[in-house]
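Subject: Structure handover

Hello,

Here is the structure we talked about. Please open it alongside this note; my findings follow below.

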Amino acid sequence: MIDYYPAAAEIFLATAICVVLLVDVFLRDEQRMITYWLSMLSLVGTAACTGLFFVDESVTTFYGSFIADSAAGVLKLVAYVAVALVFVYSREYLAARKLFKGEFFILGLFGLLGIMVMISAHSLLTMYLGLELLSLALYALVAFNRESATAAESAMKYFVLGAIASGTLLYGISLLYGVTGTLEITELAERLSGPDGFGIPALVGLAFIVVGVAFKFGAVPFHMWVPDVYQGAPTPVTLFIGSAPKIAAFALAWRVLVEGLGDAHSSWQGMLIVLSILSLAIGNIVAIAQTNLKRMLAYSTISHVGFILMGFIGGTDDALSAAMFYTVSYVIMAAAAFGMILLLSREGFEAERLEDFKGLNARSPWFAFVMLMIMFSMAGVPPFIGFYAKLLVLGSLIDAGLLWFAVLGVILAVVGAFYYLRVVWYMYFDDPLDDAPIVAPGSMRVVISVNGLGLLVLGVFPGYLLELCMRVL
Amino acid sequence: MYVPLLSICIWLPIAGAIAVLVLGAQRRMELARWVALGVSVATFLVAVHLYIGFRWYPEFGGMRFVERVPWIGAFNAFYELGVDGISMPLILLTAFLTPLVVIAGWEVIKTRPAQYFAAFLLLEGLMIGVFAALDALLFYVFWEAMLVPMFIIIGVWGGERRIYATVKFFLYTFLGSVLMLVALIYLYLQSGSYSILAFHELPLGMNEQVLIFLAFLIAFAVKVPMWPVHTWLPDAHVEAPTGGSVILAAVLLKMGGYGFIRFSLPITPDASQSLAWLMIGLSLIAIVYIALVALVQKDMKKLIAYSSIAHMGFVTLGFFVIFATIANSQDEAGAMLALQGGMVQMISHGLISGALFLCVGVMYDRLHSREISAYGGVANTMPIFATFVVLFALANAGLPGTSGFVGEFFVILGSFHASFWLAFTAATILVFGAAYTLWMVKRVVFGEVGNDGVAALKDLDRREFLVLGVLAVSVLLLGVWPDPLVEAMDETLRQLLAHVVQSKL
């Protein structure tokens, strides 16, 4: 008898998506707001399901291939919030460009479903299914604006590279299956911990899996798709790609590397150190040269991924909580940062160049301040949440005896501070290039203000979120 | 009734900053100014109240007005505040200067005045937080958060090359502090909490101490600033608006000195002792070489900036010469003198350099030039102002009877216990300091009226007179009667010295 309750949220969302899809077909263009509200309602319902069936101990179901535990619950809730932010921030932008179509929301929800499946995956196959569900939704979303050649180009790049990465991951999975005869994560860990567990074939499989993880995270040297996709995709889609899927990438690394292949920690630790250093260096240095804000944020993502990987390197539970905390705070920061681009955009104008932020303080002191908080938070300056994220992962490195790595990390963070500062100086020290008023609707203004202030509030009182991350892992 | 006075000192200015911003957004500028002044004066009064309470039991050198509330359970970090003889004078200095800065910027600031005043109030709260924090994480949060308003102040209201200067300032100090962060995390992992006082008692091996000392050194040396990481200071000083320069010179630089005496000396006493030669050497280079650099400056603000570096060299010299003093003379009297001298020098330099920057500001507001050559014979048109300038210049040169003399004299006296030549080299500042300061005064204030601009100068208005007058009184008062200051820090420094001479190995 299969217990369906642990998967209640996924089942609800899948059903809700079908309903939204059906309703949307019968709607005229001017009624599209119904799709929007139905999608938001689906998110609320899904969140309610997750909340109602929240479990403190872990429960597996579907013959061990699906798991519900408290960490999964928390990660899913963060993902809902991120997707809800995406929908709120995107509405006006899409409407102004005649892109306000049901597909955006439906694909977004499918992507979310993929993320949820990945978070709760307890077998390599479930993980792969979730990953594909997410990726296919993302490929389609990137190409969502049919008129745009750059969007089509970046969708193509994303698809080809993503397919290769999926193939790599799948190949790694198949090697592990060949060695152990199982795909279920706990069993996998048990069989690999045996005396002849980690032979050469298993190690090769591990290497392929690390490559797949690195691609999904966008870690150097598997980062090539990130800047092009971030820049080429419509900004709402960039916002989507930049936020929620990072949670999925965290879940992938956590479930597969830590839970499944935890015994090989010493083997993948070295690989992650290399990935992390390269990501920090390339991400932070190349970001300095960017003039397009979306592209700059893409390289900034790469450098943040370097920090997230630091948490996995430590290997202890505390270190993993540090990575989780970093991921969650990064998702909140990224949502706010791309949200600001959407806020300043208007019909026929994309506020995606750095110069478009010039003199924002003269146009709107409040939103300049919100952007200032986002930038300083990303740079890791207290009292914003980004600081505690960095503090935690650095602490986990020093605890693991990797003092040199921590020092290298902070020095590269200082390099990175420069390009965040540049945004602040454009906003505060330069004169505006145009003084068109900001046209975003009230709901978006309120939500992004709360989003930005959240970085400060969570930075002054980080205790609750921190303890949550420590308790669930 | 229990009143958290220290918290009020920190949060009242920050709340005031928000109020000023709101009023500014409603275009009620006049009210915003008065709110800024009222809040800063109120904070000063609270600080004075703290100081009076502080002086009740001079024989107690430990932390007072302690507040301790759990903050981040996961880190075992507390919102823990307290003051002792080291931090109390610095808090008073901060609270004393902020109202003066507000008054000095009263009508001068034309662009976004509300944001200007709000930034200074915010800065004040954060600076007091730095001095009052007893939890290293809290300390670090205040320490770093301070950079944000300072970055904005220099960048928005600064001079022509303000962006270069402010980014350089930010990145220099940020680089210094992140290395300190690594050291603090390490200490946390060793001791299980972020309590600074627990760090003081933590036993550490020599190698650990040296690494921690170096990490602290980079952070604090950038702030002080010590040669060779001083290059951000002349840029930042020159480009900052007058109020920014005042706060930068008077308080921000003191944070480096405070860091040495609160962190480096007590946490890593053995490393401090074995690396004292390095610190003394860098201090002497600052005193002699930077003084020579100051001599050739053409820009008044730059000259004062270099003079600040040289004078801060005395602070670090006083703090690190103590080991040689004790080794040489076997008693602690000389070491106490040096420590006291360093502390008095910090306070006195805060007042004098602040006053000098305000003087330059007064001239800049009239003629919009900082070049020495653009002036000449100012005394003819601005006699009252000239009197102030000469007074502060003499104080900067260390004239007996002014506060500048007390600190330098103590440090030189302490250094004599260590070595004659050391004291001799340090004492050259009395010559060089007099040379560059008085030469500047001669060229700017005295002589024939240089040009039409100077001929048309108007003397101080009441607002400027008030600001400079208050500073002049305090410089003279501290010069003839330093007892209230020295006594307040005496017992704390004695305990610190007793702690530092005990090896942790």
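This is a predicted model: local features need pLDDT of at least 70, side-chain atom pairs count only at pLDDT 80 or more; totals for chains, interfaces and linings use all residues.

**Cis prolines**

That numbering places A:Pro221 in the loop between helix H8 (200–217) and helix H9 (225–232) of chain A. The bond joining A:Val220 to A:Pro221 is a cis peptide, with omega at about 5 degrees. Chain B has a cis bond too, from B:Val224 to B:Pro225, where omega is near -15 degrees. B:Pro225 sits in the loop between helix H9 (206–223) and helix H10 (232–239) of chain B. Why list these? Most residues other than glycine have a negative phi, and most peptide bonds are trans.

**Positive phi**

The phi values to look at come next. A:Tyr63 is not a glycine, yet its phi is positive, near 55 degrees. Its place is the loop between strand E1 (59–61) and strand E2 (66–68) of chain A. A:Tyr63 has a relative accessible area of 73%, so it counts as exposed.

B:His368 is another non-glycine with a positive phi, about 55 degrees. B:His368 lies in the loop between H16 and H17 of chain B. B:His368 is exposed as well, because its relative accessible area is 57%.

**Helix packing in chain A**

How do H16(A) and H18(A) pack? Helix H16 (residues 365–379) and helix H18 (residues 403–429) of chain A meet at an angle of about 170 degrees, and their axes are 9 Å apart. The pair is therefore roughly antiparallel. On the H16(A) side the contact uses A:Pro365, A:Ala368, A:Phe369, A:Met371, A:Leu372, A:Met375, A:Phe376, A:Met378 and A:Ala379. H18(A) answers with A:Ala417, A:Tyr420, A:Leu421, A:Val423, A:Val424, A:Met427 and A:Tyr428. By class, this contact has 16 nonpolar residues, no polar ones and no charged ones.

**Helix packing in chain B**

Helix H19 (residues 403–418) and helix H20 (residues 420–444) of chain B pack at about 160 degrees, with 7 Å between their axes. H19(B) is therefore roughly antiparallel to H20(B). The crossing of H19(B) past H20(B) is left-handed. From H19(B), the contact residues are B:Glu408, B:Ile412, B:Ser415, B:Phe416 and B:Ala418. They meet B:Phe420, B:Leu422, B:Ala423, B:Ala427, B:Ile429 and B:Leu430 of H20(B). The class count for this contact is nine nonpolar, one polar and one charged.

**Helix length and burial**

Helix H18 (residues 383–396) of chain B passes the same kind of check. Its 14 residues should span 20 Å at 1.5 Å a residue, and its end C-alpha atoms are 20 Å apart. Buried in H18(B) are B:Phe385, B:Ala386, B:Phe388, B:Val389, B:Phe392, B:Ala393, B:Ala395 and B:Asn396. What covers them includes helix H14 (300–320), helix H16 (333–367), helix H17 (378–381), H19, H20 and helix H22 (462–480) of chain B.

**Buried residues**

B:Ile287 belongs to helix H13 (residues 276–295) of chain B. B:Ile287 counts as buried because its relative accessibility is 0%. Not counting residues up to four places away in sequence, B:Ile287 touches B:Ala310, B:Gly313, B:Phe314, B:Leu317, B:Ala426 and B:Ile429. Its C-alpha atom is 24 Å from that of B:Gly244, which is 43 residues away along the chain.

In chain A, A:Ser321 lies in helix H14 (residues 317–344). A:Ser321 has 2% relative accessibility, so it too counts as buried. Beyond its neighbours within four places in sequence, A:Ser321 is in contact with A:Cys469, A:Met470 and A:Leu473.

Best wishes

Notes: Residues are numbered from 1 along each chain as its sequence is written. Chains are lettered from A and ligands numbered from 1 in the order in which they are written. Side-chain values use heavy atoms; hydrogens and water are left out. Axes are lines fitted to C-alpha atoms, for helices over the stretch in contact, and angles run from 0 to 180 degrees between N-to-C directions. Helices (H or I, at least four residues) and strands (E, at least two) are DSSP runs, numbered from the N terminus. Angles under 35 degrees count as roughly parallel, over 145 as roughly antiparallel, 65 to 115 as roughly perpendicular and the rest as oblique. A crossing is left-handed if the near helix is turned anticlockwise from the far one by less than a right angle, and right-handed if clockwise. Contact means heavy atoms within 4.5 Å. Ala, Val, Leu, Ile, Met, Phe, Trp, Tyr, Cys and Pro count as nonpolar, Asp, Glu, Lys and Arg as charged, and the others, Gly among them, as polar. Buried means under 20% relative accessible area, exposed over 50%, partly exposed in between (1.4 Å probe, protein chains only). The expected span of a helix is 1.5 Å times one less than its number of residues.
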